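Biologist: I'd like to learn how to read a protein–DNA model. Could you walk me through this one?

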2 protein chains.
Amino acid sequence: MGKKRPYHHGNLRQALIDAALELIEERGVSALTLREVARQVGVTHAAPQRHFADRAALVAAVAEQGFRGLAAHVAAVRGSARTPAQRLRALGVAYVEYALAHPAHLRVMFSPEVADKSRHPELAAAAQAVHGTLVEQIANGQRQGSVAPGDPDELSFAAWSMVHGCAVLLIDGQAMGRSKRALIDAVVDRLYLGLGPREPSGKRRS
Amino acid sequence: MGKKRPYHHGNLRQALIDAALELIEERGVSALTLREVARQVGVTHAAPQRHFADRAALVAAVAEQGFRGLAAHVAAVRGSARTPAQRLRALGVAYVEYALAHPAHLRVMFSPEVADKSRHPELAAAAQAVHGTLVEQIANGQRQGSVAPGDPDELSFAAWSMVHGCAVLLIDGQAMGRSKRALIDAVVDRLYLGLGPREPSGKRRS
DNA sequence: TAGCCAATGTGGTCGATGTCAACATCGCAC
DNA sequence: GTGCGATGTTGACATCGACCACATTGGCTA
């Protein structure tokens, strides 16, 4: 058992992020404490200062990793299904799946503590990557006629609203006892129906 | 200058809630401090304890008022438009409108700090009222044939996801420079198209 | 190879916060 | 009127974020 901890940790920054996420998963974002994180990792209370200017910076780092993970998970659907329509559905499912698999991450990513993305440019970039995949799939769908024509930005915003709202509501425990899987299917079905090709049946724009 | 403050405030509880909301609007949820709220109202730092067991209780009270306001604002559409379809659209718009008009309230309502609604039954009840209006309108629409048949719970969840996601994204500044009004219209349009009567064009349920 | 220096971790401190407990003051029921 | 519960005050304590001076390390250079 000789090995006593060396004076330098080696990879403290990542260790702090990991410990922070673990803490958030167990006791919520508000329980995240710089000192507690430092304790978990086995360094003194001031050590994190060398890697994160303040508490907000640590939270932002956790959120950034969450966005990267979401972007990767969502981007993976690009090679999955054959038709753009199927890919669009798979993309929606992937978004919600990631949220349910990593609820703590999701909560941090859209926490008010990092809402001001102008102060965390890397956050905005990571979020933009997710949105980019969505716009890309919608544009593809439009080229193949499986998605109704229209401003891709507006359509992607509508689609994003739907899957994001679904994810947030499910995480917040608004499933009301129903099967989450069924609710996700319902949402993605309606997403598909709402975006699919058809002539508008009534007046648009209030 | 005669009037010195009486020993008892008279309506401290509501005054604290109001001050708390104001503070949140100005500096964010994380800046909400029991002592600062007490200072604003002009009482000593321990006075709030008589009305709120802890900081979380105050936050929950603010959230509860937000839910009540949203429920009222949304319920108002019941008497507005003629057809159920129009009412459904108006309902979605009303939801997002309230969110944009009271962003701080919305953020608190869905803040992780009150996510555990089991510890705040009155919160769950207020949220349920909002959802109830939605289910009611969808059931009405189905009776008149302007909404596709299907489990009303699933349909309302899909609709709720859409408007809630839209509201959250807009509040979080994800409008990307586009007109919020146009984005809301796009979302509600797709909501209407997704729920409207038609035969499913492809397979459903993965 | 010797030494030097920037990066990284330690220990101490300060003001602010949430929470508790003991005390002061008020208003309403009797 | 009087007594008691509700409400507000004062004081205290542990913890937190942030800052500082100092200690230790490893890598770079001369």
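**Reading the DNA contacts**

Modeller: Let's start with one atom pair: an N or O atom in the side chain of A:Arg35 sits 2.3 Å from a base nitrogen of DNA strand D. That is a polar contact, a pair of N or O atoms within 3.5 Å. Bear in mind that this is a predicted model, where local features need pLDDT of at least 70, side-chain atom pairs count only at pLDDT 80 or more, and totals for chains, interfaces and linings use all residues. Residues are numbered from 1 along each chain as its sequence is written, chains are lettered from A and ligands numbered from 1 in the order written, and side-chain values use heavy atoms, leaving out hydrogens and water.

Biologist: Which base atom of DNA strand D does B:Arg50 approach?

Modeller: A base oxygen, 2.2 Å from an N or O atom in the B:Arg50 side chain. B:His45 also has a polar side-chain atom 3.0 Å from a base oxygen.

Biologist: How many residues are around DNA strand D, and which come nearest?

Modeller: A residue is near a strand if one of its heavy atoms lies within 4 Å of it. Here there are 24, with A:Arg35, A:Arg39, B:Thr44, B:Arg50 and B:His51 coming nearest.

How values were computed: A polar contact is a pair of N or O atoms within 3.5 Å; within protein, one must be able to donate a hydrogen and the other to accept it, and residues adjacent in sequence count only if both atoms are side-chain atoms.
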